[in-house]
Amino acid sequence: MKILVMSDSHGKNDDVKQLIEQVGDVDMMIHLGDVERGDDYIRSIARCPQDQIYLISGNNDYNLDLPYQEIIDIGGYKTLLTHGHRFYVNSGTSYLREYAQENSIDIVMYGHTHVPYIDIGEDVTILNPGSLSYPRQVGRKQTFLLMQIDDEGQAHYSHGYLRSSLKDVYGKMF
């Protein structure tokens, strides 16, 4: 099972389109908020079943009818999807971890900080794909996350980079 996770595209739907084309077909697609506009467009270009598309509301998603969080099953893992601002993630992930432990959640996925993050803990795994359009980590590469469930049911995670973010300031490839 292959899951594409993105966040913080902030209305830059060309970035979303490029990512979907770059990754190809997936079993599930998740956007963790700050879509800002084009949620219907994003659904229309997704390369997975429509009932496997999850879009979460971020702090900049005004007038969009999206949930602020959702708990779903991904390959047998109880997973919380949230933008993260209501859990004060700019100050760390302790509130997310506590909420997950209190609610028997295996995996938490969040956005908001624009910084990619993977913390595989004994009781809870916490993931942030970073920002697809406005990255804040060193190097400022546009990031996303791929989650894969192998044949034994084990989850694996990796960050990827939007190909256009690998260009230098002159537009040439490295």
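## Exposure and the loop glycine

Buried means under 20% relative accessible area, exposed means over 50%, and partly exposed lies in between (1.4 Å probe, protein chains only). Gly76 therefore counts as exposed, at 57% relative accessibility. Look for Gly76 in the loop between β4 (69–74) and β5; strands (E, at least two residues) and helices (H or I, at least four) are DSSP runs, numbered from the N terminus.

## About the model

This is a predicted model, in which local features need pLDDT of at least 70 and side-chain atom pairs count only at pLDDT 80 or more, while totals for chains, interfaces and linings use all residues. Residues are numbered from 1 along each chain as its sequence is written, and side-chain values use heavy atoms, leaving out hydrogens and water.

## Aromatic pairs

The structure holds three aromatic pairs. One of them is edge-to-face because the rings of Phe87 and Tyr99 have centres 5.2 Å apart and planes at 70 degrees. Here, rings of Phe, Tyr and Trp (its six-membered ring) pair if their centres lie within 6.5 Å; planes under 30 degrees apart are stacked, over 60 edge-to-face, and the rest tilted.

Phe87 lies in the loop between β5 (77–82) and α3 (94–102), and Tyr99 in helix α3, so this pair links distant parts of the chain, twelve residues apart. Phe87 is buried at 10% relative accessibility, whereas Tyr99 is partly exposed at 23%.

## Charges over rings

Two tyrosines deserve a look here: the charged end of Arg86 sits over the ring of Tyr68, 4.2 Å from its centre, and Lys141 lies over the face of Tyr161, 5.2 Å from the ring centre. A charge sits over a ring if NZ of Lys or CZ of Arg is within 6 Å of the ring centre and within 35 degrees of the ring normal.
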